Amino acid sequence: MRRFASVALTFGLPLLAMPAQAQSDFDAVEIKAEIIAPGVAVLFGEGGNIGVSYGEDATVIIDDQFASLSPKIEAAVAGLGAAPVKYLVNTHWHYDHTGGNENFGNKGAIIFAHDNVRVRLAAGGIAGSVQTPPASKAALPVVTYSQGVSFHLNGDTIDLAYVGGGHTDGDSVVLWAEKNVIHMGDLYFNIAGFPFADIGSGGNVVKLMASLDAVIPMIDDETRVIPGHGPISNKAELVAYREMIGEAVARVEELRSEGSTLEETIAAQPLADLGRNGGFVSPDAFVTAIWHSLED
């Protein structure tokens, strides 16, 4: 496996469009752990999938879902036989991936993320369709990077890498080099519906494709792929996801080049036969995101 150059509720939909009351009721949420390699696990709950590296050196988690779930996440980590969280990585700034930052930060976890994640968390703003307030000091990443950084822990090299973004302008992927596992954050949705390029957060469908193109050659047929949302995946499914996005972009680009307006392009339903209906991101929303991405 190639390394980076230096540098129901369980599989539920992202909550970026759910009402605040629904977001605040987490009593019924169960955090389920799946061990996918020695010392590597995934926690499924509500919000983004959490990657875990654990062993003799320290516990690292990738994303932390919502603040109300922090005690359940801590219990799930302990259930793996792992020490309390020492390092926390944010794959991007959306609140369903960073909601527990303050809780873990107050307990001493050191938070890592791309430069733009700290900027957006500190400023607050619209994440998807929801207003997110500025983060507290304890919730902010204290180690940031423009390209990447590596952990050397638990018998593995864990690379955090910015490969160009696309979901937002601060997306990181996380690669366990020796364990052959990669966490894609929300660059990859393994759920119904289309990809989510959050244009207001610097997302761009063209950049999303480029990021996937950068990652795919770095993994192999045995790589366990952790999506931002949905069950564990693999290279073949990630390649198919990238091909679907490419086909969608080509169809929208063709209509645009023929002089169609955005409204006419949406009305033409160019993505109707791609088999991605029924999820969080509708065909119309994805057409709109592609259109605005092509304007950049």
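Modeller: Let us begin with Q269, which is found in the loop between α8 (262-267) and α9 (283-295). Helices (H or I, at least four residues) and strands (E, at least two) are DSSP runs, numbered from the N terminus. Residues are numbered from 1 along each chain as its sequence is written. This is a predicted model, in which local features need pLDDT of at least 70, side-chain atom pairs count only at pLDDT 80 or more, totals for chains, interfaces and linings use all residues, and side-chain values use heavy atoms, with hydrogens and water left out.

Colleague: What is the phi of Q269?

Modeller: Q269 has a positive phi of about 50 degrees, although it is not a glycine.

Colleague: And is Q269 buried or exposed?

Modeller: The relative accessibility of Q269 is 54%, so this residue counts as exposed. Buried means under 20% relative accessible area, exposed over 50%, and partly exposed in between (1.4 Å probe, protein chains only).

Colleague: Then N180: where does it lie, and is it buried or exposed?

Modeller: N180 sits in the loop between β12 and β13 (181-183). Its relative accessible area is 14%, so N180 is buried. N180 is not a glycine either, yet its phi is positive, at about 60 degrees.

Colleague: Changing topic, in what order do the strands of the open sheet run?

Modeller: The open sheet has 7 strands in the order β1-β2-β3-β4-β5-β6-β9, with mixed pairing. Two strands pair if DSSP finds at least two bridges between them. At the edges are β1 (32-37) and β9 (143-145), each of which pairs on one side only.

Colleague: How are β2 and β3 joined?

Modeller: Strand β2 (residues 40-44) runs antiparallel to strand β3 (residues 50-53), and 4 bridges join them. Within this pair, V40 stands opposite S53 of β3.

Colleague: Which strands does helix α2 touch?

Modeller: Helix α2 (residues 70-79) packs on the sheet and touches β2, β3, β4 (59-62) and β5 (85-89). Contact means heavy atoms within 4.5 Å. The direction of α2 makes about 150 degrees with that of β2. Axes are lines fitted to C-alpha atoms, for helices over the stretch in contact, and angles run from 0 to 180 degrees between N-to-C directions. Another helix, α5, packs on the sheet as well: it touches β6 (110-114) and β9, and its direction makes about 105 degrees with that of β6.

Colleague: Now β11. How many of its residues are buried?

Modeller: Strand β11 (residues 156-161) is mostly covered, with 6 of its 6 residues buried. D156, I158 and L160 are on one side, and T157, D159 and A161 are on the other. In a regular strand the side chains alternate between the two faces of the sheet.

Colleague: Which strands pair with β11?

Modeller: Strand β10 (residues 148-153) pairs with β11 in the antiparallel sense over 6 bridges, and V149 has L160 as its bridge partner. Their hairpin has 2 residues between the strands, and N154 takes a positive phi near 55 degrees there. Strand β12 (residues 173-176) also pairs with β11 in the antiparallel sense, over 4 bridges, and I158 stands opposite W176 of β12.
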